[in-house]
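Here is a friendly walk through one protein chain, taken as questions and answers. Have the model open beside you as you read.

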Amino acid sequence: MITVIIPTYNRGNKLLGAVESVLNQTYKDIELLVVDDGSTDNTESIIKNIQDSRVKYIWQENKGACVARNTGIKAAKGKYIAFNDSDDVWMKDKLEKELDIIEKYNADVVFCKITQKLGNKYYELPRKLKEGFQALPVKNLQGIGTQSLLFKREVLTEFKFDEKIPRFQELDLLLRISESKRFTFYFLNESLVNYEVGIDSISKSGKKLEMACEHIEKSRKNFKKMYPEMSREWAGIFYTLAEENITEEKLDLCLRYIRDANHYETDRIRLVVKKMKILAKIMKLILF
């Protein structure tokens, strides 16, 4: 059996689509744990009205999505564990295809691509990865979402989500699993998840971006030396922060990460550098 865990908080208006995409999987031997992180909307009634014995509703006081995921892990009965978010939708054969990889190659963790809509365009992430076993951290971690992962239960028996981190919980978890050097990771080069960034999404919060980056960096000594390839992504993150709330401190931080990255091969980074230089000049005019 596969246990699927959906943490949710006041997403009653979107939750049903995510739930149905799990229940409609071609692989049927599942239990679905919806962990309600203290919602004050109609989430409970929506879930309890679903006529499917595989669905279980768990309520907890509001403590955050990572606490909710860990609550689900503790309650899970499945041999394998997967996660979806309350506003994301799976393709019907996601679990079947990922489970086939685990059983065929004896992988411990499998992740697939996700499709993200930005404006009128669709992007599949992660980019530039070849299907097969991966040595994490891979060069481009963007797009390895919680909702794209399937774990053997024993992996999450030992490793849990860091409950202090507001974003990049999958990145932090995968780094810790990888550093143990005891589990294998397999990339399935097919998009099996439609990923949505809503206006109330954590992904929209600049403050939580900043907190997550600082938490991950401070939790590991010599972080940039260990994972230099991540500096490029950090640069883009802090550029976003600077756009949201431009301060001299944020600009300096962003420019430092860009300098540390030493990667200018992508158009995105060239654009970041160009815009940041312009913003820095504007800030100097305003402040001085």
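Q: How much accessible surface does the chain have, and what share of it belongs to carbon and sulfur atoms?
A: Keep in mind that this is a predicted model, in which local features need pLDDT of at least 70 and side-chain atom pairs count only at pLDDT 80 or more, while totals for chains, interfaces and linings use all residues. Residues are numbered from 1 along each chain as its sequence is written, and side-chain values use heavy atoms, with hydrogens and water left out. Areas come from the Shrake-Rupley method with a 1.4 Å probe, and for residues only the protein chains shown count as cover. The accessible surface of the chain is about 14500 Å², and the share from carbon and sulfur atoms is 50%.

Q: What percentage of the residues count as buried?
A: Buried means under 20% relative accessible area, exposed means over 50%, and partly exposed lies in between (1.4 Å probe, protein chains only). The chain has 288 residues, and the buried part of them is 54%.

Q: How many helices and strands does the chain have?
A: Both are DSSP runs numbered from the N terminus: helices are H or I with at least four residues, strands are E with at least two. On that basis, the chain has 11 helices and 10 strands.

Q: Among contacts between residues at least 6 apart in sequence, what percentage join residues at least 24 apart?
A: A contact here means heavy atoms within 4.5 Å. Among contacts in the chain between residues at least 6 apart, those joining residues at least 24 apart make up 74%.

Q: Is alanine 68 buried or exposed?
A: Alanine 68 is found in helix H3, residues 65–75. Leaving out residues up to four places away in sequence, alanine 68 touches Ile5, Pro7, Val35, Asp37 and Gln60. Its C-alpha atom is 7.4 Å from that of aspartate 36, 32 residues apart along the chain. With a relative accessible area of 0%, alanine 68 is buried.

Q: Which strands and helices do the buried residues of H3 pack against?
A: In H3, the buried residues are Cys66, Val67, Ala68, Arg69, Asn70, Gly72 and Ile73. They pack against strands S1 (2–8), S2 (30–37), S3 (55–60) and S4 (80–83), and against helices H5 (153–158) and H6 (169–180).

Q: Why is the pair of phenylalanine 83 and phenylalanine 161 called edge-to-face?
A: Rings of Phe, Tyr and Trp (its six-membered ring) pair if their centres lie within 6.5 Å; planes under 30 degrees apart count as stacked, over 60 as edge-to-face and the rest as tilted. The whole structure has 7 aromatic pairs. In this one the ring centres are 5.2 Å apart and the planes stand at 90 degrees, so the pair is edge-to-face.

Q: Where in the chain do phenylalanine 83 and phenylalanine 161 lie?
A: Phenylalanine 83 is buried at 0% relative accessibility, and phenylalanine 161 is buried at 5%. The pair links distant parts of the chain, 78 residues apart: phenylalanine 83 is in strand S4, and phenylalanine 161 is in the loop between H5 and H6.

Q: Which residue forms a salt bridge with lysine 97?
A: A salt bridge is a side-chain nitrogen of Lys or Arg within 4 Å of a carboxyl oxygen of Asp or Glu, and the whole structure has 12 of them. Lysine 97 is partly exposed, with a relative accessible area of 28%. Its closest N and O atoms are 3.1 Å apart in the salt bridge with aspartate 93.

Q: Are aspartate 108 and lysine 152 buried or exposed?
A: Their side chains meet in a salt bridge at 3.6 Å, N to O. The pair links parts 44 residues apart, with aspartate 108 in the loop between H4 and strand S6 (109–118) and lysine 152 in strand S9 (residues 149–152). Aspartate 108 and lysine 152 are both buried.
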